[in-house]
Amino acid sequence: VRLALGDLSVQSQIKSLATDLLKRFPVIDVLINNAGNLSVQGSRERTVDGVEKNVAVNVLAPLLLTRLLVPALKAATPVGNVQITSGGTPFPSLNPKDMEGETCATGIPSYSHSKRVMETMSLALSRELAQDGIAVNVVGGGN
């Protein structure tokens with residue numbers, strides 16, 4: 001087990017983290033994205049990049065990190081990428097005009113929305129990376 005640190009709400013730190021990981025691990029057999037952020041009830045935070053924080057950590061961070069690590073993932077055979085979502089969380093239907101969940105209440109509804117967006121974006125990522133032989137799967141934790 002090796003430790004790598006970075007603030008997953010800040011895109012420049014995700015890029016630095018990926019650079020560090022690529023130097024240390026030229027081959028990555030499996031990447032498991034299990035980051036999660038739940039903003040407290042009544043607050044809506046924006047990151048330094050101007051993105052709603054739940055979306056930044058729960059959606060953009062795993063997608064950006066995965067894309068940046070594609071060279072090391074492609075070097076492994078077979079290879080897998082796993083996005084972790086939350087089992088038991090009531091996922092709302094997705095409004096494509098409100099990907100940041102601005103119309104959602106804060107707290108659990110906002111968190112649930114961001115995880116639903118992550119699942120949807122992972123399907124697109126799966127199609128994109130399939131040509132490189134990289135499987136993308138989404139799993140939910142149980143109750």
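Analyst: A nonpolar core is a set of buried Ala, Val, Leu, Ile, Met, Phe, Trp, Tyr and Cys residues joined through side-chain atoms within 4.5 Å. Buried means under 20% relative accessible area, exposed over 50%, and partly exposed in between, with a 1.4 Å probe and protein chains only. The model is predicted: local features need pLDDT of at least 70, side-chain atom pairs count only at pLDDT 80 or more, and totals for chains, interfaces and linings use all residues. Residues are numbered from 1 along each chain as its sequence is written, and side-chain values use heavy atoms, with hydrogens and water left out.

User: Which residues of the largest nonpolar core touch the most other members?

Analyst: I28, V59, L65, L69, L73, L129 and I134, out of 25 residues in that core. Two or more residues come from each of α1, α2, α3 (70-74), α4 (108-130) and β3 (134-140). Helix α2 gives the most, with 6 residues.

User: What makes α2 a helix, and where does L60 lie?

Analyst: Helices are DSSP runs of H or I with at least four residues, strands are E runs of at least two, and both are numbered from the N terminus. Helix α2 covers residues 53-68, and L60 lies in it. The protein chain has 4 helices and 3 strands, in the order α-β-α-α-β-α-β from the N terminus.

User: Why is L60 called partly exposed?

Analyst: Its relative accessibility is 30%. That value falls between the 20% and 50% limits, so L60 counts as partly exposed. Across the 143 residues of the protein chain, 41% count as buried.

User: What is L60 in contact with, leaving aside its neighbours within four places in sequence?

Analyst: Contact means heavy atoms within 4.5 Å. By that test L60 is in contact with Q11, V51 and V55. With the same exclusion, L65 is in contact with I14, L17, A18, L21 and N33.

User: How do you know how α1 and α2 pack?

Analyst: Two packed helices are described by the angle between their axes and the distance between the axes. Axes are lines fitted to C-alpha atoms, for helices over the stretch in contact, and angles run from 0 to 180 degrees between N-to-C directions. Helix α1 (residues 11-24) and α2 pack at about 35°, with axes 9 Å apart.

User: Which residues meet there?

Analyst: From α1, Q11, I14, K15, L17, A18, L21 and L22; from α2, L60, A61, L64, L65 and L68. They divide into 10 nonpolar, 1 polar and 1 charged. Here Ala, Val, Leu, Ile, Met, Phe, Trp, Tyr, Cys and Pro count as nonpolar, Asp, Glu, Lys and Arg as charged, and the others, Gly among them, as polar.
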